[in-house]
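Please look at the sequence and the model together while reading.

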Amino acid sequence: MKLLNKIKYNKITIGVIGLGYVGLPLLKGFASQNLKIIGFDVDKKKIIKLKNRISYIKHIQLDSIRKNKKIIFTSDFQKISNVDLIILCLPTPLTKNKLPDLSFIKKTMLSIEKYLKPNQTISLESTTYPGTTREIIYPYLNKFKVGKNFFLVYSPEREDPGRKSILLRNIPKVLGGYSDRCKKIGKAFYKKFFKKVVVTKDLETAEFSKIFENIFRAVNISLVNEMKYLSEKMNINFNDVIKASSSKPFGFMPFYPGPGIGGHCIPIDPLYLSFKAKQKGLKAQLIETSFKVNYETTKRISNIINSKIKKRTKPKILIIGISYKKNIDDVRESPALKIIRDLKNKGFNVNYHDPFNKTLPKNRNFFAKMKSKNLNAKMLKKYDAVFICTDHDNIDYSLIYKNAKQIFDSRNVFKNLSEKIIRV
Ligand SMILES: NC(=O)c1ccc[n+]([C@@H]2O[C@H](COP(=O)([O-])OP(=O)(O)OC[C@H]3O[C@@H](n4cnc5c(N)ncnc54)[C@H](O)[C@@H]3O)[C@@H](O)[C@H]2O)c1
């Protein structure tokens, strides 16, 4: 059967490699279309859990695939030979020197290379610099005539963990291909789940579009954090400023200030482009400046808390929310961890409450054996201050307001300031 017909009549198997924050929701999405799916991960502990339909990520539920017998979870890459569309949802972190670390992609290509066969398609979904698919993945495919008997596409993930208001399948999916045929086949695959596929001229345009989206956020977050700092110094409530500016029906979109950037995307991806820019002898000045401003935003918070806390010796502080954003458990690059570290260094006794993180997960920025404290009136009264770092929805803020001695709020949870509340 011809490949496009196989896709049309659902005679295909989809393989997702890397079952994390991006891979798992995508796998669930394709599974909802009654397709055969194989989920691959090198982490055997995750595979055991997933085989038993136990999610290891709090906000990702597996109820919808509990009884789905068409899904297999495995660490055995030999099974790649049974897959038609191989989707790579692998980490793209930075090295210690803040350079792109593409080792996860390279290692995966090395392990699957020998199992690849004609008429398969590889799609890279990881965020990376323009040129990666062609420079890093294509060389592993030299036994094929790519574009003719093997297909290669780049289709970036736009997952926004924790956001329930937009369904994944309603988010248009950008896709670039090595050739026109790659684009046609890639689009047919993704149309099985996504409502709209936006096809770009080539691989690099799709790669650049994803990194541009993340740089857009990084720069705007830094802008809004800097503006907030300046306006607070002028005794102007910056939230009122945003509200007023947002009334403009064109040319403006609101971003909201916070304790700084976190997660696996915004603090990392822009540096992938500045790396590429340097390779071309160019300088990405806005990226570098936004990093500096965002870094200073996080640093400033512990300094403000230290200077404004009423209890001067060994103050006890409770941090609310340690994830990098609300309603998820992800603490990667979270500003909360840097703030906990800085406050401890300043002599604070620090605890936290986070319904999504019962214990402090291992991470590279700061680690100590810490457990989430249960929130109640009696315990709140024991703290000298509470710091609202991440504004998860399932937290009783009125309980905090009633019982905390002093509150530092970085998320504008408490709209009306009182003597007890300090915006940071
Ligand atoms: N997290 C997000 O919100 C988000 C959003 C859009 C794009 N992205 C991008 O998507 C990519 C993946 O991010 P993530 O947050 O899902 O990462 P993640 O760390 O949550 O998941 C990656 C998974 O890949 C597995 N893995 C590592 N090496 C492997 C290998 N050789 N073979 C098979 N599995 C392997 C890991 O065990 C892990 O389960 C990154 O490039 C990221 O920038 C992330």
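I320 belongs to strand β9, which covers residues 316–320; strands (E, at least two residues) and helices (H or I, at least four) are DSSP runs, numbered from the N terminus. The model is a predicted one, in which local features need pLDDT of at least 70 and side-chain atom pairs count only at pLDDT 80 or more, while totals for chains, interfaces and linings use all residues. Residues are numbered from 1 along each chain as its sequence is written, and side-chain values use heavy atoms, with hydrogens and water left out.

I320 counts as buried because its relative accessibility is 0%; buried means under 20% relative accessible area, exposed over 50%, and partly exposed in between, with a 1.4 Å probe and protein chains only. From C-alpha to C-alpha, I320 lies 41 Å from K69, and the two are 251 residues apart in sequence.

Y229 is found in helix α7, residues 203–233. With a relative accessible area of 34%, Y229 is partly exposed.

Where does the interior leave space? A search of the whole structure finds 1 cavity of 30 Å³ or more. On a 1 Å grid over the protein atoms alone, a cavity is a set of points where a 1.4 Å probe fits but cannot get out, and lining residues have an atom within 4 Å of a point. The largest cavity holds about 40 Å³ of space, a volume being the space filled by probe spheres set on the grid points, which are joined across faces, edges and corners. Among the residues that line the largest cavity are P156, R158, K173 and F194.

Key: On a 1 Å grid over the protein atoms alone, a cavity is a set of points where a 1.4 Å probe fits but cannot get out, and a pocket is an open set with protein on both sides within 12 Å along at least five of seven lines; lining residues have an atom within 4 Å of a point.
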